[in-house]
Amino acid sequence: MTERALRLGTRRSKLAMAQSGHVADAVRQLSGRPVELVEITTYGDVSREHLAQIGGTGVFVAALRDAVLAGEVDFAVHSLKDLPTTQHPELVLAAIPQREDPRDVLVARDGLTLDRLPEGARIGTGSPRRQAQLNAYARSHGLTIETVPIRGNIDTRVGYVHKGELDAVVLAAAGLNRIGRSDEVTDFLSVDAVLPAPGQGALAIECAASATDLAAMLAELDDPYTRAAVTAERSLLAALEAGCSAPVGALADLLAEDSGRGQIVTEMRLRGVVGTTDGSTLVQLSTTGPVPTSHDAAMALGRELADEMLAKGAAGLMGERAL
(Lines give C-alpha, C1' and ligand atoms only; values in the text may rest on other atoms or scores of the structure.)
Protein backbone atom coordinates (compact mmCIF):
# COMPACT_ATOMS: atom_id res chain seq x y z
CA MET A 1 0.00 0.00 0.00
CA THR A 2 1.38 3.39 -0.93
CA GLU A 3 1.64 5.95 1.86
CA ARG A 4 -0.73 8.88 1.60
CA ALA A 5 0.61 12.16 0.28
CA LEU A 6 2.00 14.68 2.75
CA ARG A 7 0.02 17.92 2.55
CA LEU A 8 2.08 21.12 2.49
CA GLY A 9 0.18 24.31 3.32
CA THR A 10 1.24 27.37 1.34
CA ARG A 11 0.06 30.86 0.49
CA ARG A 12 -1.25 31.24 -3.05
CA SER A 13 1.11 33.90 -4.37
CA LYS A 14 3.46 32.98 -7.20
CA LEU A 15 6.43 33.49 -4.87
CA ALA A 16 4.97 31.38 -2.04
CA MET A 17 4.12 28.59 -4.49
CA ALA A 18 7.66 28.65 -5.88
CA GLN A 19 9.18 28.55 -2.39
CA SER A 20 6.89 25.74 -1.29
CA GLY A 21 7.54 23.85 -4.51
CA HIS A 22 11.28 23.76 -3.74
CA VAL A 23 10.55 22.44 -0.24
CA ALA A 24 8.06 19.87 -1.58
CA ASP A 25 10.74 18.50 -3.95
CA ALA A 26 13.22 18.20 -1.08
CA VAL A 27 10.67 16.43 1.15
CA ARG A 28 9.76 13.99 -1.65
CA GLN A 29 13.42 13.06 -2.01
CA LEU A 30 13.87 12.69 1.74
CA SER A 31 10.73 10.72 2.52
CA GLY A 32 9.99 8.90 -0.70
CA ARG A 33 6.38 10.02 -0.25
CA PRO A 34 4.29 12.18 -2.56
CA VAL A 35 3.80 15.78 -1.42
CA GLU A 36 0.84 17.89 -2.50
CA LEU A 37 0.56 21.65 -2.15
CA VAL A 38 -2.57 22.93 -0.41
CA GLU A 39 -3.25 26.59 -1.22
CA ILE A 40 -4.48 28.70 1.69
CA THR A 41 -5.58 32.33 1.53
CA THR A 42 -4.34 34.47 4.44
CA TYR A 43 -5.64 37.80 5.72
CA GLY A 44 -2.46 39.50 4.50
CA ASP A 45 -3.21 38.30 0.96
CA VAL A 46 -6.74 39.72 0.76
CA SER A 47 -6.40 42.95 2.75
CA ARG A 48 -5.50 46.03 0.74
CA GLU A 49 -4.36 47.95 3.81
CA HIS A 50 -0.69 48.62 4.47
CA LEU A 51 1.01 45.95 6.55
CA ALA A 52 1.76 48.35 9.39
CA GLN A 53 -1.99 49.01 9.73
CA ILE A 54 -3.19 45.38 9.73
CA GLY A 55 -0.84 44.15 12.39
CA GLY A 56 2.36 43.48 10.48
CA THR A 57 3.90 40.23 11.61
CA GLY A 58 1.60 37.23 11.50
CA VAL A 59 -0.98 38.36 8.94
CA PHE A 60 0.43 35.91 6.36
CA VAL A 61 0.95 33.16 8.92
CA ALA A 62 -2.19 32.68 11.06
CA ALA A 63 -4.31 30.86 8.45
CA LEU A 64 -1.45 28.46 7.61
CA ARG A 65 -0.87 27.71 11.28
CA ASP A 66 -4.61 27.16 11.83
CA ALA A 67 -4.61 24.63 8.97
CA VAL A 68 -1.71 22.71 10.55
CA LEU A 69 -3.37 22.71 13.98
CA ALA A 70 -6.69 21.56 12.50
CA GLY A 71 -4.99 18.69 10.68
CA GLU A 72 -5.97 20.06 7.26
CA VAL A 73 -2.30 20.09 6.24
CA ASP A 74 0.71 18.22 7.67
CA PHE A 75 3.18 21.09 7.56
CA ALA A 76 3.50 24.65 6.27
CA VAL A 77 6.17 26.77 4.63
CA HIS A 78 6.52 30.45 5.55
CA SER A 79 8.90 33.25 4.69
CA LEU A 80 10.73 33.38 8.00
CA LYS A 81 10.52 37.17 8.19
CA ASP A 82 6.70 36.85 8.34
CA LEU A 83 6.78 34.67 11.48
CA PRO A 84 6.13 36.30 14.85
CA THR A 85 9.24 36.11 17.04
CA THR A 86 7.43 34.14 19.76
CA GLN A 87 7.16 30.44 18.93
CA HIS A 88 3.65 28.95 18.92
CA PRO A 89 3.37 26.43 21.81
CA GLU A 90 1.66 23.73 19.71
CA LEU A 91 3.94 24.05 16.69
CA VAL A 92 7.60 23.32 16.09
CA LEU A 93 9.95 25.12 13.69
CA ALA A 94 11.19 21.83 12.27
CA ALA A 95 13.61 23.21 9.68
CA ILE A 96 15.17 26.42 8.41
CA PRO A 97 16.84 25.44 5.12
CA GLN A 98 19.91 27.19 3.74
CA ARG A 99 19.18 30.85 3.23
CA GLU A 100 18.83 32.58 -0.12
CA ASP A 101 20.51 35.97 -0.74
CA PRO A 102 19.30 38.13 2.19
CA ARG A 103 19.89 41.49 0.47
CA ASP A 104 17.39 44.04 -0.78
CA VAL A 105 17.55 45.01 -4.44
CA LEU A 106 16.54 47.92 -6.62
CA VAL A 107 14.47 47.44 -9.76
CA ALA A 108 14.74 50.83 -11.45
CA ARG A 109 13.96 52.37 -14.81
CA ASP A 110 16.74 52.65 -17.39
CA GLY A 111 18.99 50.28 -15.43
CA LEU A 112 19.63 52.88 -12.73
CA THR A 113 21.57 52.02 -9.57
CA LEU A 114 20.96 53.58 -6.15
CA ASP A 115 23.86 56.04 -6.54
CA ARG A 116 22.67 57.12 -10.01
CA LEU A 117 19.05 57.90 -9.16
CA PRO A 118 17.96 61.39 -10.26
CA GLU A 119 17.18 64.20 -7.85
CA GLY A 120 13.67 63.74 -6.45
CA ALA A 121 13.48 60.07 -7.47
CA ARG A 122 10.30 58.29 -6.39
CA ILE A 123 11.10 54.91 -4.82
CA GLY A 124 8.32 52.48 -3.96
CA THR A 125 8.39 50.43 -0.76
CA GLY A 126 5.83 49.52 1.89
CA SER A 127 8.53 48.87 4.48
CA PRO A 128 9.36 51.46 7.16
CA ARG A 129 12.74 49.69 7.55
CA ARG A 130 13.60 50.31 3.92
CA GLN A 131 12.25 53.88 4.05
CA ALA A 132 14.40 54.73 7.08
CA GLN A 133 17.60 53.43 5.52
CA LEU A 134 16.97 54.77 2.00
CA ASN A 135 16.21 58.21 3.40
CA ALA A 136 19.32 58.07 5.61
CA TYR A 137 21.42 57.06 2.57
CA ALA A 138 19.96 59.95 0.56
CA ARG A 139 20.65 62.45 3.38
CA SER A 140 24.25 61.31 3.74
CA HIS A 141 24.83 61.57 -0.02
CA GLY A 142 23.12 64.95 -0.50
CA LEU A 143 20.24 63.43 -2.49
CA THR A 144 16.55 64.20 -2.35
CA ILE A 145 14.28 61.16 -2.78
CA GLU A 146 10.64 60.40 -2.09
CA THR A 147 9.69 57.01 -0.67
CA VAL A 148 6.20 56.01 -1.83
CA PRO A 149 4.24 53.36 0.14
CA ILE A 150 3.16 50.46 -2.08
CA ARG A 151 1.77 46.95 -1.60
CA GLY A 152 1.12 44.00 -3.84
CA ASN A 153 2.96 41.07 -5.35
CA ILE A 154 6.19 41.31 -7.34
CA ASP A 155 4.36 41.85 -10.66
CA THR A 156 2.34 44.72 -9.20
CA ARG A 157 5.37 46.41 -7.67
CA VAL A 158 7.63 46.10 -10.71
CA GLY A 159 4.68 47.27 -12.83
CA TYR A 160 4.82 50.71 -11.19
CA VAL A 161 8.31 51.13 -12.68
CA HIS A 162 7.40 49.79 -16.12
CA LYS A 163 4.38 52.13 -16.28
CA GLY A 164 6.54 55.11 -15.32
CA GLU A 165 4.69 55.80 -12.05
CA LEU A 166 7.83 55.26 -9.99
CA ASP A 167 11.53 55.55 -10.74
CA ALA A 168 12.35 52.42 -8.75
CA VAL A 169 11.02 49.85 -6.28
CA VAL A 170 12.89 47.96 -3.56
CA LEU A 171 12.31 44.21 -3.22
CA ALA A 172 13.99 41.24 -1.57
CA ALA A 173 16.62 39.54 -3.74
CA ALA A 174 15.46 36.12 -2.50
CA GLY A 175 11.96 36.52 -3.90
CA LEU A 176 13.14 37.50 -7.37
CA ASN A 177 15.71 34.69 -7.36
CA ARG A 178 13.12 32.10 -6.38
CA ILE A 179 10.77 32.97 -9.24
CA GLY A 180 13.60 33.28 -11.77
CA ARG A 181 13.46 37.04 -12.23
CA SER A 182 16.81 38.17 -10.83
CA ASP A 183 17.72 39.51 -14.30
CA GLU A 184 15.35 42.44 -13.60
CA VAL A 185 17.51 43.67 -10.70
CA THR A 186 19.34 46.90 -11.52
CA ASP A 187 21.25 47.14 -8.21
CA PHE A 188 21.95 44.78 -5.31
CA LEU A 189 21.85 47.09 -2.29
CA SER A 190 24.91 46.81 -0.09
CA VAL A 191 24.10 45.74 3.47
CA ASP A 192 26.32 48.64 4.52
CA ALA A 193 23.60 50.93 3.13
CA VAL A 194 20.44 48.90 3.72
CA LEU A 195 20.30 46.07 6.27
CA PRO A 196 17.59 43.50 5.43
CA ALA A 197 14.67 42.47 7.61
CA PRO A 198 15.53 39.93 10.32
CA GLY A 199 15.29 36.48 8.73
CA GLN A 200 15.03 37.83 5.15
CA GLY A 201 15.83 35.23 2.51
CA ALA A 202 15.17 32.29 4.85
CA LEU A 203 12.23 29.88 4.87
CA ALA A 204 10.56 28.33 7.91
CA ILE A 205 9.07 24.82 7.81
CA GLU A 206 6.57 24.36 10.62
CA CYS A 207 4.57 21.33 11.78
CA ALA A 208 2.59 20.27 14.83
CA ALA A 209 4.77 19.66 17.88
CA SER A 210 2.92 16.36 18.35
CA ALA A 211 4.02 15.11 14.89
CA THR A 212 7.41 13.95 16.17
CA ASP A 213 8.23 11.58 13.27
CA LEU A 214 7.42 14.24 10.67
CA ALA A 215 9.40 16.88 12.60
CA ALA A 216 12.42 14.56 12.77
CA MET A 217 12.27 13.93 9.01
CA LEU A 218 11.84 17.64 8.17
CA ALA A 219 14.77 18.47 10.49
CA GLU A 220 17.08 16.91 7.90
CA LEU A 221 16.44 20.01 5.75
CA ASP A 222 17.73 22.30 8.50
CA ASP A 223 20.88 24.36 7.93
CA PRO A 224 22.53 24.98 11.32
CA TYR A 225 24.42 28.10 10.21
CA THR A 226 21.26 29.69 8.78
CA ARG A 227 19.33 28.77 11.93
CA ALA A 228 22.00 30.35 14.18
CA ALA A 229 22.08 33.53 12.08
CA VAL A 230 18.33 34.08 11.86
CA THR A 231 17.81 33.16 15.52
CA ALA A 232 20.24 35.93 16.50
CA GLU A 233 18.52 38.41 14.15
CA ARG A 234 15.04 37.57 15.43
CA SER A 235 16.23 37.71 19.04
CA LEU A 236 17.44 41.25 18.37
CA LEU A 237 14.03 42.14 16.89
CA ALA A 238 12.15 40.61 19.84
CA ALA A 239 14.37 42.38 22.37
CA LEU A 240 13.69 45.70 20.64
CA GLU A 241 9.99 44.89 21.17
CA ALA A 242 9.27 45.58 17.56
CA GLY A 243 6.94 43.94 15.10
CA CYS A 244 7.74 43.98 11.40
CA SER A 245 6.06 47.38 11.09
CA ALA A 246 8.95 48.95 13.03
CA PRO A 247 11.99 50.13 11.07
CA VAL A 248 14.41 47.43 12.31
CA GLY A 249 17.04 45.82 10.09
CA ALA A 250 19.37 43.01 11.12
CA LEU A 251 21.83 40.65 9.50
CA ALA A 252 24.07 37.99 10.99
CA ASP A 253 26.80 36.84 8.66
CA LEU A 254 29.51 34.25 9.05
CA LEU A 255 33.16 35.21 8.94
CA ALA A 256 35.47 32.54 7.53
CA GLU A 257 39.21 31.98 7.34
CA ASP A 258 41.11 30.05 4.70
CA SER A 259 42.63 27.05 6.45
CA GLY A 260 44.60 25.91 3.41
CA ARG A 261 42.05 23.12 3.00
CA GLY A 262 39.06 25.35 2.37
CA GLN A 263 37.11 27.94 4.29
CA ILE A 264 36.51 27.41 7.99
CA VAL A 265 33.77 29.47 9.65
CA THR A 266 35.25 31.14 12.71
CA GLU A 267 32.93 33.92 13.89
CA MET A 268 29.52 35.46 13.45
CA ARG A 269 28.95 39.20 13.04
CA LEU A 270 25.52 40.54 13.92
CA ARG A 271 24.52 44.00 12.69
CA GLY A 272 21.39 45.87 13.67
CA VAL A 273 19.78 49.16 12.74
CA VAL A 274 16.70 51.05 13.88
CA GLY A 275 15.74 54.52 12.74
CA THR A 276 13.10 57.09 12.05
CA THR A 277 11.40 56.59 8.70
CA ASP A 278 12.59 60.00 7.45
CA GLY A 279 16.17 58.78 7.91
CA SER A 280 17.11 61.70 10.17
CA THR A 281 18.24 59.43 13.01
CA LEU A 282 19.65 55.91 12.87
CA VAL A 283 21.12 53.76 15.62
CA GLN A 284 23.35 51.20 13.92
CA LEU A 285 25.64 48.83 15.84
CA SER A 286 27.36 45.50 15.34
CA THR A 287 28.94 42.78 17.44
CA THR A 288 31.20 39.89 16.52
CA GLY A 289 31.73 36.69 18.44
CA PRO A 290 32.04 32.91 18.21
CA VAL A 291 29.42 31.18 16.06
CA PRO A 292 26.57 30.26 18.45
CA THR A 293 26.37 26.49 18.89
CA SER A 294 23.01 26.49 20.66
CA HIS A 295 19.65 28.21 20.42
CA ASP A 296 20.28 29.97 23.75
CA ALA A 297 23.67 31.30 22.60
CA ALA A 298 22.16 32.71 19.39
CA MET A 299 19.35 34.31 21.39
CA ALA A 300 21.87 35.85 23.80
CA LEU A 301 23.84 37.39 20.92
CA GLY A 302 20.72 39.17 19.65
CA ARG A 303 19.66 40.35 23.10
CA GLU A 304 23.11 41.76 23.90
CA LEU A 305 23.21 43.85 20.73
CA ALA A 306 19.63 45.02 21.30
CA ASP A 307 20.57 46.15 24.82
CA GLU A 308 23.44 48.20 23.39
CA MET A 309 21.13 49.74 20.78
CA LEU A 310 18.51 50.60 23.41
CA ALA A 311 21.24 52.23 25.50
CA LYS A 312 22.15 54.33 22.45
CA GLY A 313 18.56 55.60 22.12
CA ALA A 314 16.91 53.04 19.83
CA ALA A 315 13.73 52.87 21.95
CA GLY A 316 12.84 56.48 21.22
CA LEU A 317 13.01 55.96 17.45
CA MET A 318 10.28 53.38 17.01
CA GLY A 319 7.28 55.57 17.57
CA GLU A 320 4.59 54.96 20.16
CA ARG A 321 4.44 51.51 21.69
CA ALA A 322 1.17 49.72 21.02
CA LEU A 323 -0.26 48.67 24.41
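## The chain as a whole

This is a predicted model, in which local features need pLDDT of at least 70 and side-chain atom pairs count only at pLDDT 80 or more, while totals for chains, interfaces and linings use all residues. Residues are numbered from 1 along each chain as its sequence is written, and side-chain values use heavy atoms, with hydrogens and water left out.

The chain has nine helices and 13 strands. Both kinds of element are DSSP runs numbered from the N terminus: helices are H or I with at least four residues, and strands are E with at least two. Of the 323 residues, 51% count as buried. Here, buried means under 20% relative accessible area, exposed means over 50%, and partly exposed lies in between (1.4 Å probe, protein chains only). Among contacts in the chain with a separation of 6 or more, 71% are between residues 24 or more positions apart; a contact means heavy atoms within 4.5 Å.

## A sheet with E1 inside

Five strands form an open sheet in the order E2-E1-E3-E10-E4, with mixed pairing. Two strands pair if DSSP finds at least two bridges between them. At the edges are E2 (35-39) and E4 (91-95), each pairing on one side only. Neighbouring strands of this sheet are turned by 35° against each other on average, direction ignored.

E1 and E2 pair in the parallel sense over five bridges, and Leu8 has Leu37 in E2 as its bridge partner. E4 and E10 (203-208) run antiparallel and are joined by four bridges; here Leu91 has Ala208 in E10 as its bridge partner. Why is E1 described as largely enclosed by the rest of the structure? Four of the five residues of E1 are buried, so the strand is largely enclosed.

Helix H1 (14-31) has 18 residues and reaches 25 Å from its first C-alpha to its last, close to the expected 26 Å. That expected span is 1.5 Å times one less than the number of residues. Buried residues of H1 include Ala16, Val23 and Val27, and what covers the buried residues of this helix includes E1, E2, E3 and E10. Just after H1, Gly32 takes a positive phi of about 75°.

## A second sheet

Now back to Ala121 and Ile145. Another open sheet of five strands has the order E7-E6-E8-E5-E9, again with mixed pairing. E7 (145-148) and E9 (187-188) stand at its edges with a single partner strand each, so one side of each is left without a neighbour in the sheet. E6 (121-124) and E7 run parallel, joined by four bridges.

Axes are lines fitted to C-alpha atoms, for helices over the stretch in contact, and angles run from 0 to 180 degrees between N-to-C directions.| Helix | Lies across | Angle |
|---|---|---|
| H3 (62-69) | E1, E3, E4 and E10 | about 165° to E3 |
| H4 (128-140) | E5, E6, E7 and E8 | about 175° to E7 |
| H5 (154-162) | E5 and E8 | about 155° to E8 |

In the loop between E5 and E6 you will find Asp110. Its phi is near 55°, a positive value in a residue other than glycine. Most residues other than glycine have a negative phi. Is Asp110 buried or exposed? Asp110 is exposed, with a relative accessible area of 66%.

## Two nonpolar cores

A nonpolar core is a set of buried Ala, Val, Leu, Ile, Met, Phe, Trp, Tyr and Cys residues joined through side-chain atoms within 4.5 Å. The largest one has 20 residues, of which Leu236, Leu240, Met268 and Met309 touch the most other members. Two or more residues each come from H8 (224-239), E11 (248-258), E12 (263-275), E13 (282-290) and H9 (295-311). H8 gives the largest share, five residues. Apart from this core lies another, of 18 residues, among them Val23, Val27, Phe75 and Val77.

Leaving aside neighbours within four places in sequence, Met309 is in contact with residues including Leu236, Leu240, Val283 and Leu285.

Helix H9 is also the place of Asp296. At 56% relative accessibility, Asp296 counts as exposed. The C-alpha atoms of Asp296 and Ser235 are separated by 9.9 Å, although these residues are 61 residues apart along the chain.
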